[in-house]
Amino acid sequence: MSNAETDVAALRCGELVEGDRSAEAPAVDVLSAREVPLGGPRALRVRRTLPQRARTLIGAWCFADHYGPHEVAVSGGMNMPPHPHTGLQTVSWLFSGEVEHRDTLGTHAFIRPGEMNLMTGGHGIAHSEVSTPDTAVLHGVQLWVALPGEHRHAARDFQHCVPEPAQVDGAGVRVFLGSLAGRTSPVRTFTPLLGAEIVIEPRATLTLAVDTTFEHGLLVDTGDIRLIDTVLRPAELGYVPSGADTLTMVNETDAPARAVLIGGPPFGEEIVMWWNFVGRSHEDVVQAREEWEASSDRFGVIEDFPGGPLPAPALPNAVIRPRRNPPTR
């Protein structure tokens, strides 16, 4: 998925949750979503919770888009022509619908519910994403992972995973990255990561053991979920700093509630993220943009895509400064 936002100064702050908390309970910050169109006259609209001025990353997770359910007959579905990426991995996870993926590694794959596609665009890759003709409703998340400095020029790669579901305390858990609830994903990553879909039965309480070195984010898709002591509404992302050894989630509704849990050790590096590029300096993204516009071999070509590539937007009239998270409270 391509990032249509290029003005980093426009990123809003998340909301700090106030109220009574026990001394032992970690604070939960609530990051509210902002709606972003993904271009075109029938733009697919997404709800974006990362990055924000209040929080750039959760672990190495640097970008979170949540979209749908969209009726494709009304919205037009997803139609992203070839576009570039550098310095990151993309994680695609669907709740409904189907998306066709092509990339300059030569991959031709489909994104389907319950199946994860992870693409590595270190030094450079391009891909296209188009919802299939049989898709009536499109609903899912697109996540990006920043690559650490020593691996940010990694070679192109693509991995596909169908996680086996686990049933735990009135909830179904599908672990697509890392380890949780007795399940471990086989997918290779460059930093320790956690990624899982969680569906909690009506009024059920779920407590999961987690890595104390990880910070975590819970992105709610459906239902109201109380994370520790804070209720999260649909499209909100609850952030929990590292130090917690368990996370307790309560479905406050009479229907199943669904969320995506992400996590990882705090990412100690500053990053520059502009359009679809993750680098370490303004010069990194300037060079990547120039090479994309020049049809450089850095990104490659998708030969059989009907139509041209997505042009890069104009750079801002200012130096893009590196960003890191604020100090943990």
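Author: Strands first: a strand is a DSSP run of E with at least two residues, a helix is a run of H or I with at least four residues, and both are numbered from the N terminus. This is a predicted model, where local features need pLDDT of at least 70, side-chain atom pairs count only at pLDDT 80 or more, and totals for chains, interfaces and linings use all residues. Residues are numbered from 1 along each chain as its sequence is written, and side-chain values use heavy atoms, with hydrogens and water left out.

Reader: Okay. Where does Leu247 lie?

Author: Leu247 is in strand β23, residues 246-251.

Reader: Is Leu247 buried or exposed?

Author: Buried, with a relative accessible area of 1%. The cut-offs: buried is under 20% relative accessible area, exposed is over 50%, and partly exposed is in between, with a 1.4 Å probe and protein chains only.

Reader: What is Leu247 in contact with?

Author: Contact means heavy atoms within 4.5 Å. Leaving aside neighbours within four places in sequence, the partners of Leu247 include Leu206, Leu208, Val210, His216, Leu227, Ile228, Val240 and Leu261. Thr207 is one of the contacts too.

Reader: And how far is Leu247 from Glu236?

Author: Their C-alpha atoms are separated by 17 Å, and the two residues are 11 apart along the chain.

Reader: Now phi. What is the phi of Ala235?

Author: Near 80°, which is positive in a residue other than glycine. Ala235 is in the loop between β21 (230-232) and β22 (237-240). Ala235 is buried, at 11% relative accessible area.

Reader: How about Ser295, buried or exposed?

Author: Exposed, at 59% relative accessibility. Ser295 also has a positive phi, near 55°. Ser295 comes just after α2, a helix that covers 282-293.

Reader: Let's stay on α2. How does the end-to-end length compare with what its 12 residues should span?

Author: It agrees: at 1.5 Å a residue they should span 16 Å, and the end C-alpha atoms are 17 Å apart. The expected span is 1.5 Å times one less than the number of residues.

Reader: Which residues of α2 are buried?

Author: His282, Val285, Val286, Ala288, Arg289 and Trp292. Seen down the axis of α2, these buried residues fall within an arc of 165°, so they line one face of the helix. That arc is taken from the directions from the helix axis to the C-beta atoms.

Reader: Why would a face show up as a spacing in sequence?

Author: An α-helix has 3.6 residues a turn, so residues three or four places apart point the same way.

Reader: And what's exposed on the other side of α2?

Author: Glu283 and Glu290.

Reader: What covers the buried residues of α2?

Author: The cover includes β5 (79-85), β10 (125-131), β25 (272-274) and β26 (277-279).

Reader: Tell me about β10. How many of its seven residues are buried?

Author: Six, so the strand is mostly covered.

Reader: Which strands pair with β10?

Author: Two strands pair if DSSP finds at least two bridges between them. β5 is joined to β10 by five bridges, antiparallel. Asn79 stands opposite Val130 there. β7, residues 99-103, is also antiparallel to β10, with five bridges. Val99 has Ser131 in β10 as its bridge partner.

Reader: What does Ser131 touch?

Author: Gly77, Met78, Glu98, Val99 and Leu138, not counting residues up to four places away in sequence. Ser131 is buried, with a relative accessible area of 12%.

Reader: Last topic. How many cavities of 30 Å³ or more are there?

Author: Three. On a 1 Å grid over the protein atoms alone, a cavity is a set of points where a 1.4 Å probe fits but cannot get out, and lining residues have an atom within 4 Å of a point. Grid points are joined across faces, edges and corners, and volume is the space filled by probe spheres set on the points.

Reader: What's in the second largest cavity?

Author: About 40 Å³ of space. Of the 11 residues that line the second largest cavity, the closest to its centre are Tyr67, Met78, Ser92, Ile111 and Gln142.

Reader: Which element gives the most to that lining?

Author: β6, with three residues.

Technical notes. 1 Å grid on protein atoms, 1.4 Å probe; cavity = no way out; pocket = protein on both sides within 12 Å on 5 of 7 lines; lining within 4 Å.
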